[in-house]
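Subject: Structure handover

Hello,

Here is the structure I said I would pass on. My notes on what was found follow below it.

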Amino acid sequence: MKNNIIREIHFFITDIKGKVITLAYRYIKICFISLCVSFFAIQSIHAQSNSALPHFKKQGTATQLIVHGKPLLMLGGELGNSSASDLKYMAPIWQKLKAMHLNTILMPIYWELIEPQEGKYDFKLVDSLIYLARKNDLKIVVLWFASWKNSMSCYAPYWVKIKQKRFPRSRTKDGKAVEILTPFSDENRNADAKAFASLMKHLHIIDGKQNTIVMIQVENEIGMIPDARDYCIEAEEAFTREVPSELMTYLHKNKESLTEELRQAWNNAGMKTSGTWEEVFGKGLHTDEIFMAWYFAKYTDYIAEAGKKEYILPMYVNAALIRPNYKPGQYPSAGPLPHLMDVWRAGAPQIDFLAPNIYFKNFSEWLGKYNRAGNPIFIPEISRLQSVTNAFFAVAHHNSMGYSPFSIENAGNPESNQFNKGYNVLHQLTPLILDHQGKGNMAGFLLDSAAQTAQITLGEYTFNVKHEYTWPYAARAEGETPRFGGMIIKITEDEFYIAGSGVVITFQSSSDDGTIVGIANIDGGTFAKGKWIAGRRLNGDEDHQGRHMHLSGREYGIQKVKLYKYK
Ligand code: DGJ
């Protein structure tokens, strides 16, 4: 009996000892893991302060995105909205992206998925996506789908959606709530900013060194519908207040360079130095839109600032453009549109640039509107149905940092489609393009049925560029006249690389002293790792016996052209 009791006590002590040892072991393990994470975090933070993070750098008139000390030309594509929410769905996509020669994907990160419960973050999906992008040699532009996605708040977490008292909605003119978080609520703004800051903190820890993520889009297509402005109580109250002095100071300081529309509104109302929105800009939808743009900008700026405090990456906002004859509210009012560029700049200094989502055919016109007052150019979205020729024009003529067709994973025949062919050529030309951006010795051109010719002068030569279909012998595709175009890069006074598709170019002297320009020779070819590898000599039928150079509309190509002069 006594022995039994002693044995029981012994077992009990051994059991306790075992439990204590297990607990101690667990404790040591947790400490070790935390130490490792902190070590890597510190390393990463150290990396941020020591080596340059992705940032912008001016080269002449161009702004380039620098990653790991080198400029990056983003041959990109944006994923359809839902693809990145499911790793299994993404599995076959990576290979497709590689096949089309993409080096960057624009990929949403969804507020509702990273913060399913308030204050409880889950970055597992984000981490896996980054890992997979790295494995496939792709850079990422993160799209922060949070307070607003195409005007709406569909990606706000459930706990935000259901607490409308705490997270108030915008209201229409007749007082109806809509599924749009109002920008007039600090609670809305702070909740978004808190989640965004947590995301950026996490990205800093896991990517501060590798820089797979090169840029951030804050929200997506911000804009008010179906009215030009919000009519919730807080908005109504703000509308009767004076225009904030911050905006008034900006207007005065930048009086000479304001966008025409803003300057005119201010001018027509008497160029007042203070007053309510309607006193300063007059009554009308245009003032509703300016007012709304200011509050959207302030809200977005707060979020961007909270994120940059954790991790400084370039940040931009994108806009849904205006359909012809649509009024503010019919189109998403007050977004980062060109006519509101000054309001956005004044209200959101943390946002580095404004970008267009181009789903209309007048590509060149919209790019021209965004390429003003030092606003860097990047096209985060364009219809996949538009010709990739646009990309040649954008990077050469507007020094675009990149190009990105929407829903790229749904492009058919990735081994042979237009992105495969066009991006292949752009990929080859990338070092040359990056070297020439902003220096005045590269030009782009776009041709279609509306504009069939272009004239470009680079140094001593003038290039008369024509749509291929203006040449009687050209092969024609059925249907609408396709968009063709490309770029010319001057490498010496007499030598040029001309790349693109569907153009016929003749040459003349830039001076009218009777000098005639001849083609010394034209070579087809390719670039491999930045080195030109000449292919066929094209001095016979292909250059029409020395009369012109020709890039067929059936493919994307590069030719090296050497010119000479005679009298
Ligand atoms: C523009 C938006 O920014 C995208 O997220 C997507 O909704 C497309 N429109 C659909 O065409």
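In which strand does I516 lie? I516 belongs to strand β20, which covers residues 516-528. Please keep in mind throughout that this is a predicted model.

Surface patch

I516 has a relative accessibility of 37%, so it counts as partly exposed. Together with Y564 and Y566, I516 makes a nonpolar surface patch of about 270 Å².

Ligand site

Some of the shell residues place polar side-chain atoms by the ligand's oxygen atoms. For N81, an N or O atom of the side chain is 2.9 Å from a ligand oxygen. For N150, a polar side-chain atom is 3.0 Å from an oxygen atom of the ligand. For N357, the distance between a side-chain N or O atom and a ligand oxygen is 3.5 Å. On its own the ligand has 300 Å² of accessible area, and the protein covers 76% of that.

Salt bridges

Side chains of opposite charge can pair when their charged atoms come close. The search of the whole structure gives 19 salt bridges. Several of them are described here.

D207 and R134 form a salt bridge through their side chains, at 2.7 Å from N to O. This pair links distant parts of the chain, with D207 in helix α7 (residues 186-207) and R134 in helix α5, 73 residues apart. D207 counts as buried because its relative accessibility is 0%. R134 has a relative accessible area of 26% and is therefore partly exposed.

D288 and R229 also meet in a salt bridge, with an N to O distance of 3.6 Å. Here too the pair links distant parts of the chain: D288 sits in helix α12 (residues 285-310), R229 in the loop between β9 and α8, and they are 59 residues apart. D288 is buried at 8% relative accessibility, and R229 is buried at 5%.

R537 and D523 make a salt bridge at 2.5 Å, N to O. Since R537 lies in strand β21 and D523 in strand β20, the pair ties together parts that are 14 residues apart in sequence. D523 is buried, with a relative accessible area of 12%. Elsewhere, salt bridges that share partners join E118, R166 and E187 into one network.

Backbone

Most residues other than glycine have a negative phi, and most peptide bonds are trans. The entries below depart from that.

- The peptide bond from I225 to P226 is cis, and its omega is near 0°. P226 is found in the loop between β9 (213-220) and α8 (233-240).
- D137 is not a glycine, yet its phi is positive, at about 60°. D137 is placed in the loop between α5 (124-135) and β6 (139-149). With 59% relative accessibility, D137 counts as exposed.
- Q545, also not a glycine, has a positive phi of about 60°. Q545 is placed in the loop between β21 (531-537) and β22 (549-551). With a relative accessible area of 46%, Q545 is partly exposed.

A covered helix

How many of the nine residues of helix α15 are buried? Eight are, so helix α15 (residues 389-397) is mostly covered. The buried residues of α15 are T389, N390, A391, F392, F393, A394, V395 and A396.

A contact across the sequence

G557 lies in strand β23, residues 557-566. At 17% relative accessibility, G557 counts as buried, because the cut-off for buried is under 20%. G557 and A499 are 58 residues apart in sequence, while their C-alpha atoms are 5.6 Å apart in space.

Regards

Technical notes. Residues are numbered from 1 along each chain as its sequence is written. This is a predicted model: local features need pLDDT of at least 70, side-chain atom pairs count only at pLDDT 80 or more; totals for chains, interfaces and linings use all residues. Side-chain values use heavy atoms; hydrogens and water are left out. A polar contact is a pair of N or O atoms within 3.5 Å; within protein, one must be able to donate a hydrogen and the other to accept it, and residues adjacent in sequence count only if both atoms are side-chain atoms. Accessible areas come from the Shrake-Rupley method with a 1.4 Å probe; for residues, only the protein chains shown count as cover. Patches are made of residues with over 30% relative accessible area and no salt bridge: like charges are joined within 9 Å, nonpolar side chains (Val, Leu, Ile, Met, Phe, Trp, Tyr) within 5 Å. A salt bridge is a side-chain nitrogen of Lys or Arg within 4 Å of a carboxyl oxygen of Asp or Glu. Helices (H or I, at least four residues) and strands (E, at least two) are DSSP runs, numbered from the N terminus. Buried means under 20% relative accessible area, exposed over 50%, partly exposed in between (1.4 Å probe, protein chains only).
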